[in-house]
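Welcome! Here is a short briefing to read alongside the sequence and the 3D view, starting with the overall plan and moving on to the details.

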Amino acid sequence: MKADEVRSFDDLLDERLKDRIGMLDPRTAGSGASTCPNLREIKGEEYLKRLVGQKLALSRDQRVLAEILAKGKLALVLGLTYYSYAPFIKSGPSFGAAAGAKEGVYVSGGSGHLVVLKNAPHANATKVFVNWF
């Protein structure tokens, strides 16, 4: 499957993709857990039921999913970070990230967020910490 063949989340329901879609386990913290609520918000609960009917390959290990994808056992995987599939990019001409779906996708900074509160009690200490960080 080429990266540009999936243009909509509806494309994931194609019968040809049954048993060929991987996803990070939505029952654990991470992008798998974020993907399901996002899809439910965009496409509805019935869509999620149909997607699960595609017999998704679930894993809690991104590297395992990336390796299975690189070996061609899966057509696509939802929720992988770039760093998990980067070592496999040279494995084939069509291996890589797909463009966003027409419905839109969510963006997350993962666990890499830094928040600065407005009107913090020690503004200079906040500046020192942010500069250090």
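Helices (H or I, at least four residues) and strands (E, at least two) are DSSP runs, numbered from the N terminus. By that count, the chain has five helices and three strands, and along the sequence they follow the pattern β-α-α-β-α-β-α-α. Please keep in mind that this is a predicted model, where local features need pLDDT of at least 70 and side-chain atom pairs count only at pLDDT 80 or more, while totals for chains, interfaces and linings use all residues. Residues are numbered from 1 along each chain as its sequence is written, and side-chain values use heavy atoms, with hydrogens and water left out.

**The chain as a whole**
- Of the 133 residues in the chain, 27% are buried; buried means under 20% relative accessible area, exposed over 50%, and partly exposed in between (1.4 Å probe, protein chains only).
- Among contacts (heavy atoms within 4.5 Å) with a separation of 6 or more, 65% join residues 24 or more positions apart.

**The sheet**
- The three strands make an open sheet with parallel pairing, in the order β2-β1-β3; two strands pair if DSSP finds at least two bridges between them.
- Because β2 (57–59) and β3 (76–78) stand at the edges with a single partner strand each, one side of each has no neighbour in the sheet.
- From one strand to the next, the twist averages 25 degrees; axes are lines fitted to C-alpha atoms, for helices over the stretch in contact, and angles run from 0 to 180 degrees between N-to-C directions.
- Strand β1 (residues 21–24) runs parallel to β2 and is joined to it by three bridges; M23 has L58 as its bridge partner in β2.

**Helix α3**
- Helix α3 (residues 62–70) packs on the sheet and touches β1, β2 and β3, with its direction at about 165 degrees to that of β1.
- Its buried residues are L65, A66 and L69. Seen down the axis of α3, they fall within an arc of 100 degrees, so they line one face of the helix; the arc is that of the directions from the helix axis to the C-beta atoms.
- These buried residues of α3 pack against β1, β2, β3 and α4 (82–85).
- At the start of α3, a side-chain oxygen of D61 comes within 2.9 Å of the backbone nitrogen of R63.
- Just after α3, G72 has a positive phi of about 85 degrees.

**The nonpolar cores**
- A nonpolar core is a set of buried Ala, Val, Leu, Ile, Met, Phe, Trp, Tyr and Cys residues joined through side-chain atoms within 4.5 Å.
- The largest one has 16 residues, and L12, I21, Y47, L51, L76 and L78 have the most contacts inside it.
- At least two residues of this core come from each of β1, α2 (45–52) and β3, and α2 gives the most, with three residues.
- Another core, of nine residues, lies apart from it and includes L65, L69, V77 and F88.

**Two residues to look up**
- Is D25 buried or exposed? D25 is buried, with a relative accessible area of 4%, and it lies in the loop between β1 and α1.
- Leaving aside neighbours within four places in sequence, D25 is in contact with G32, A33, L58, S59 and R60.
- P37 sits in helix α1 (residues 31–43) and is partly exposed, with a relative accessible area of 42%.
- The C-alpha atoms of P37 and P26 are 9.3 Å apart, and the two residues are eleven residues apart along the chain.

Conventions. Polar contact = N/O pair within 3.5 Å; in protein donor to acceptor, adjacent residues only side chain to side chain.
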